[in-house]
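I opened my notebook for a friendly look through this model, starting with the rings and moving on from there. Here is what I looked up.

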Amino acid sequence: MSFFRQYFRDLVLVLTEPRRFFEERYPQLSLSQALAFGVLSNWIAAVLMWLTRVVKHESLLDAFLKIRGRLETLPVWKDIPDSIWRQGGESLGPVAPSPTIMELLGIAVSPFQSLFQFWMGGLVLMLGALFLMPGRSTDGQEPASSSQMIRLTAISVAPNLVAAVLGFLPSGIGTLIGGIYTFWILLTGLETRYRISRTRAAGVILFPWLITLFLCGCLVFAFGLVFAGFLSALFG
């Protein structure tokens with residue numbers, strides 16, 4: 001029970017006073033404790049989001065069924081047999097799992113997905129830190145490392161609980177609020193622990209994604225040049 005008591009104390013502190021959390025409580029957390037905090041936060045958020053869909057009488061297939069309704073307004077789709085759209089019908093076989101079972105299985109594997117998320121998120125943050133942060137902060141704080149970034153990523157998922165609680169809001173507003181909240185937690189954590197400016201902390205978070213977008217743009221541009229050259233050679 002002491003673990004859960006401490007977990008909720010940490011949760012309230014990181015959501016309400018993140019700067020104080022990163023100054024006082026965060027140095028006491030080991031990597032395994034931070035991972036446990038993040039895994040539990042994501043798991044509770046997944047359960048709350050599922051309960052929200054149950055209360056709203058929604059499932060993961062609702063979006064699919066809405067798409068079906070729109071497609072059926074097109075003449076080309078009117079002749080498609082209903083068995084194609086049947087949920088768990090003959091086209092899927094008698095043992096096709098129900099949407100509820102699939103969602104519960106998703107909740108069950110959520111801890112493993114969370115660990116992968118923390119690992120990848122930590123590596124992405126470390127990529128930004130390599131370019132925009134010194135090897136060691138000016139006041140003797142620990143140097144930026146992959147394990148430190150993974151620990152920070154695990155703590156930053158606490159706002160997922162806020163997004164889950166706000167799941168009743170329309171148009172994904174709750175998810176948007178949770179995403180902004182997560183960015184703020186990461187920003188505060190980097191700024192507090194490594195004594196860097198808020199602008200540089202934002203750069204550490206966004207830099208890897210900007211590099212990815214740039215590389216993707218270069219790839220698309222190169223592909224366009226090759227395709228244009230192919231068409232030119234083919235049609236003269």
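**Entry 1: aromatic pairs.** I am working from a predicted model. I searched the whole structure for aromatic pairs, and nine came up. I began with the pair of tyrosine 7 and phenylalanine 8, which is edge-to-face. Their ring centres are 5.1 Å apart, and I noted 70° between the planes. That angle is over 60 degrees, so the edge-to-face label applies.

Entry 2: Tyrosine 7 has a relative accessibility of 2%, so I wrote it down as buried. Phenylalanine 8 comes out at 44%, so it goes in my list as partly exposed.

Entry 3: Is phenylalanine 37 buried or exposed? Its relative accessible area is 5%, under the 20% cut-off, so I count phenylalanine 37 as buried. Putting the ring pairs together, I get a cluster of Tyr7, Phe8 and Phe37.

Entry 4: I went on to the packing of H1 (residues 2-16) with H3 (residues 31-55). The angle is about 80°, and the axes are 11 Å apart. Angles of 65 to 115 degrees count as roughly perpendicular, so that is how I describe H1 and H3.

Which residues of H1 and H3 meet? From H1 I listed Phe3, Phe4, Tyr7, Asp10, Leu11 and Val14. From H3 I listed Ala36, Phe37, Leu40, Ser41 and Ile44. I sorted the residues of this contact into nine nonpolar, one polar and one charged. Tyr7 and Phe37, from my ring cluster, are both in this contact list.

**Entry 5: a glutamine in another helix.** Last, I checked glutamine 148, which I found in helix H7 (residues 146-155). Its relative accessibility is 15%, so glutamine 148 goes down as buried. What does the side chain of glutamine 148 make a polar contact with? I found the side chain of arginine 151, at 2.5 Å.

Methods: Residues are numbered from 1 along each chain as its sequence is written. Side-chain values use heavy atoms; hydrogens and water are left out. Axes are lines fitted to C-alpha atoms, for helices over the stretch in contact, and angles run from 0 to 180 degrees between N-to-C directions. Helices (H or I, at least four residues) and strands (E, at least two) are DSSP runs, numbered from the N terminus. Angles under 35 degrees count as roughly parallel, over 145 as roughly antiparallel, 65 to 115 as roughly perpendicular and the rest as oblique. Contact means heavy atoms within 4.5 Å. Ala, Val, Leu, Ile, Met, Phe, Trp, Tyr, Cys and Pro count as nonpolar, Asp, Glu, Lys and Arg as charged, and the others, Gly among them, as polar. Buried means under 20% relative accessible area, exposed over 50%, partly exposed in between (1.4 Å probe, protein chains only). A polar contact is a pair of N or O atoms within 3.5 Å; within protein, one must be able to donate a hydrogen and the other to accept it, and residues adjacent in sequence count only if both atoms are side-chain atoms. Rings of Phe, Tyr and Trp (its six-membered ring) pair if their centres lie within 6.5 Å; planes under 30 degrees apart count as stacked, over 60 as edge-to-face and the rest as tilted.
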